There are 2 protein chains.
Amino acid sequence: MTTPLSAADLFAAACGHTRRVATLASIDALLGWDQQTMLPSSAGPHRAEQAAALAAIVHAARTDPAQGERLVALAEGPLARNGTPEEQATIRLLHRDFLKQARLPVRLVEELARTGVEAQSAWARARADSSWPLLAPWLERMFALKREQAACQLPDLDPYDSLMDDYEPGARWHAIAALFVRLREGIVPLVQACTTASRRPDDAVLRRMCLVPAQQAFVRDVATQIGFDFERGRLDTTAHPFCSTLGPDDCRITTRWDEHFLPSALFGVLHEAGHGLYEQGLRRDWFGLPPGEAASLGIHESQSRLWENLVGRSREFWHWCFPLAQRAFPAALGDATAEQVHDALLVVRPSFIRVEADEVTYNLHVMLRFDLERAVIHGDLAIADLPAAWNERFTADFGMRPPDDAAGVLQDIHWSAGLIGYFPTYTLGNMFAAQLMDEATRQVPGLTAGFARGEFRPLLAWLREHVHAAGRMLESEPLVERATGRQVSEKWLLESLWHRYGPAHGLGPGA
Amino acid sequence: MTTPLSAADLFAAACGHTRRVATLASIDALLGWDQQTMLPSSAGPHRAEQAAALAAIVHAARTDPAQGERLVALAEGPLARNGTPEEQATIRLLHRDFLKQARLPVRLVEELARTGVEAQSAWARARADSSWPLLAPWLERMFALKREQAACQLPDLDPYDSLMDDYEPGARWHAIAALFVRLREGIVPLVQACTTASRRPDDAVLRRMCLVPAQQAFVRDVATQIGFDFERGRLDTTAHPFCSTLGPDDCRITTRWDEHFLPSALFGVLHEAGHGLYEQGLRRDWFGLPPGEAASLGIHESQSRLWENLVGRSREFWHWCFPLAQRAFPAALGDATAEQVHDALLVVRPSFIRVEADEVTYNLHVMLRFDLERAVIHGDLAIADLPAAWNERFTADFGMRPPDDAAGVLQDIHWSAGLIGYFPTYTLGNMFAAQLMDEATRQVPGLTAGFARGEFRPLLAWLREHVHAAGRMLESEPLVERATGRQVSEKWLLESLWHRYGPAHGLGPGA
């Protein structure tokens with residue numbers, strides 16, 4: 001005989017359990033970060049065992065029946081209706097998360113974890129050798145597991161929507177497909193106009209040699225200046241830059257270094273530090289709980305793209321940044337100008353690799369992946385046919401054919417890592433970023449002018465208030481709509497692209 | 001109604017469970033390695049939460065009653081008497097480990113983990129500020145927890161012996177104290193003779209500037225040459241060098257860099273690579289089980305000391321290594337000779353910091369800590385009195401008084417990490433190393449002469465056969481006695497020290 005707990009006690013117990021799970025999940029984040037940055041070459045199989053063992057424990061904790069009972073009682077109790085907004089959102093979302101997790105068999109969770117680690121190793125070898133057969137069997141396995149996951153976790157949804165729910169709660173593929181069609185209708189003419197323009201930006205100035213140690217110091221300075229807190233984070237080196245949160249005060253970003261192309265490291269860092277600013281701006285007292293979690297990957301990407309493209313490629317940013325860059329790289333930039341560097345950053349040039357793509361063509365890369373992975377999940381495309389489908393679509397969209405699979409279907413880690421339904425969030429992020437930046441500029445007088453003086457705190461403060469503070473209490477569309485007072489639309493991104501890339505190519509803004 | 005399992009099935013189940021626990025424990029090793037090498041400055045508290053959460057899970061798995069039942073059945077079954085040596089040792093040791101763990105309350109295990117992380121942060125601040133009051137309350141807490149652990153885990157043993165059992169199974173403090181007295185009787189006159197000798201080695205040649213990047217490449221080469229496998233390991237930077245095993249193919253060593261003292265990095269690496277060679281030499285098919293585990297910390301230290309001192313400070317080693325060093329550091333060593341460097345490595349000079357001590361005085365540092373920590377555990381010395389007791393004993397042993405606590409009682413991380421009963425294994429290691437090296441030299445013709453040609457594989461092969469392959473199927477004393485055919489004694493270490501340091505100081509060998 002136990003006395004029933006009060007609603008407040010139940011809520012505290014449910015939150016305590018969830019935080020404990022979040023702490024265990026943050027250990028898994030360390031396993032992943034270390035795997036990408038530090039793992040000795042022969043240590044992959046044991047890391048897979050570690051990931052699988054921990055995944056099983058995390059899954060068991062996430063699906064603990066006692067927690068399920070607490071969440072049912074809370075969902076039916078007074079706090080779900082009369083609690084603070086934080087309490088109501090926490091109860092609603094934890095209950096939903098619980099049901100979704102509890103529907104996954106432990107075996108599937110363990111297999112996904114183990115297969116993810118091994119398939120990523122296979123992917124690294126396959127990409128290095130440009131050998132599709134090294135990866136294909138792993139993708140067969142991974143897509144099969146993901147289809148199983150989709151059917152288990154949200155059985156009433158279309159399987160692709162079920163998978164997207166892990167990254168962009170509330171998103172539906174048919175709505176995204178429609179949005180992407182409209183976006184495409186604006187981007188294709190812009191690419192066409194840029195690549196045939198009489199005036200073409202020249203990026204030769206960015207291809208002069210900048211020594212890596214000087215790059216390291218420089219990009220660290222820039223990240224610090226825009227607000228990334230290195231007492232609560234790190235910067236390391238990986239082939240594929242990423243941002244990973246290992247705890248409320250432990251956000252780790254990575255970039256790569258190219259002696260002959262400074263933007264590789266710099267924009268890698270601006271992008272990942274944008275993610276990091278979001279993570280560092282979440283409410284740390286709610287770590288691991290919905291009010292202290294990111295809203296979605298689309299919102300996450302909006303933050304990284306905003307700092308990378310809307311800040312980092314702006315004229316005002318370079319008025320501030322150029323003298324720093326000149327001091328860091330006197331041989332490369334001694335005779336250059338801020339205008340010259342700013343202009344060089346607006347090159348539009350169709351290319352094979354998504355992560356190296358310019359801002360305008362980037363979204364075409366995303367749409368290709370969205371359509372292909374959706375076709376595989378829906379059973380309309382076989383894994384074996386992926387390379388050919390990729391090359392055909394790519395040739396149609398970009399007017400050139402990938403020279404090999406390393407520059408085509410093998411270039412991204414996502415599918416081998418089981419990140420399916422993830423790609424569309426990149427383009428959603430670009431759209432959200434443009435819409436948020438437009439509104440911030442309206443609301444904060446002198447916002448972009450301040451960039452020229454290294455003043456980025458007003459922008460960060462606006463984002464903290466209107467985006468970061470909400471955690472995931474709202475889904476991405478309502479969040480953007482609340483922050484901007486406008487419906488989500490492709491319009492702001494198209495305006496932003498035409499407005500910035502048009503003049504650089506001798507076209508009128510919005511031409 | 002279940003059919004009783006066969007002995008072989010039971011054994012497989014018990015081993016499978018133990019391996020799973022070892023996999024989880026290897027995740028904890030990653031948490032610790034990352035904490036030492038990578039953790040952002042504000043991330044300590046969350047890392048403590050991660051460590052505590054994982055410790056609770058590991059402890060629960062280690063004390064799973066189903067595993068206890070399996071082990072009891074195995075201990076009473078036929079394999080415990082008639083199995084292979086591996087099976088017999090595995091059953092005996094897993095059963096013993098299980099009982100020891102099961103006697104520890106979960107609360108104590110979690111508190112030890114959490115206190116260890118937080119006390120280590122406090123220690124780092126205390127040492128940086130040379131502020132004993134910053135550390136003292138954490139040591140009060142830690143020693144109290146360790147006394148509780150001692151009383152729980154092996155209640156029939158003296159509490160210090162109970163704690164030593166975690167590091168040196170079978171060791172007893174009164175026997176070690178007696179061995180240390182005899183060792184001291186040989187070392188004190190050697191220190192006396194060396195520090196008053198008319199001939200004194202001069203290490204000025206080692207204090208010339210060697211740039212850190214060149215040091216990094218050089219020590220990596222040396223580690224590779226003695227046999228450390230970088231496909232199964234890493235080398236990183238920490239203030240306090242260490243070796244940590246994160247999996248059967250993931251052994252990570254660290255060192256530190258001093259531009260004005262090459263031996264700091266080089267001997268750090270030789271020492272830690274010595275540990276690493278042992279870890280990499282364990283039977284990987286028995287990972288996590290007694291036949292594939294290290295015998296004890298004393299045996300571990302014997303391997304590190306052997307490579308560091310008996311190989312790395314030998315004349316033959318420098319005949320091989322000097323030309324490499326000269327190429328790496330032409331400005332510093334261009335006009336030096338191998339003999340000069342070898343001689344410079346035999347300086348005996350009493351100093352405050354254990355990890356910087358020469359090979360001869362080193363053991364006096366260890367004996368001091370052994371006596372003090374034992375007095376605290378036995379209730380004969382209060383934590384508050386540790387700094388004074390340290391300074392008094394140090395002054396008596398070394399003829400000089402630490403200038404501050406950072407150079408005295410605050411210098412080691414061990415006590416804050418809960419590593420009590422650990423220090424004596426350093427000197428046991430020195431003794432085992434000398435005895436093993438003496439025997440290897442007898443058995444393998446031309447062993448040390450080969451060092452001059454960079455031939456270290458014969459020594460490594462001898463160690464793999466006679467030490468590494470045994471895992472922890474034998475305790476340290478029987479293992480050394482089996483490998484050498486002689487009783488463990490201080491005699492070989494004293495002979496080795498007199499033989500090498502005597503002539504360098506103009507004394508006859510064994511004078």
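Student: Which residue is the bridge partner of Gly247(B) in β3(B)?

Tutor: Keep in mind that this is a predicted model. β2 of chain B covers residues 243-247, and β2(B) pairs with β3(B), residues 250-255, in the antiparallel sense over 4 bridges. In β3(B), Gly247(B) is bridged to Asp250(B).

Student: Which strands are the edge strands of the sheet in chain B?

Tutor: The open sheet has 3 strands with mixed pairing, in the order β1-β3-β2 (chain B). An edge strand pairs on one side only, and that holds for β1 (233-237) and β2 (243-247) of chain B.

Student: Which helix lies across β1, β2 and β3 of chain B?

Tutor: The helix in question runs at about 140 degrees to β2(B). It spans residues 7-37 of chain B and is helix α1.

Student: Are α6(A) and α7(A) roughly parallel or roughly antiparallel to each other?

Tutor: Helix α6 (residues 106-129) and helix α7 (residues 132-153) of chain A pack with their axes 9 Å apart, at an angle of about 150 degrees. Angles over 145 degrees count as roughly antiparallel. The two helices, α6(A) and α7(A), are therefore roughly antiparallel.

Key: Residues numbered from 1 in each chain as written. Chains lettered and ligands numbered in written order. Predicted model: local features only at pLDDT ≥ 70, side-chain atom pairs only at ≥ 80, totals over all residues. Heavy atoms only, no water. Axes fitted to C-alpha atoms, helices over the stretch in contact; angles between N-to-C directions. Parallel < 35°, antiparallel > 145°, perpendicular 65-115°, else oblique. Pairing = 2+ DSSP bridges. Contact = heavy atoms within 4.5 Å.
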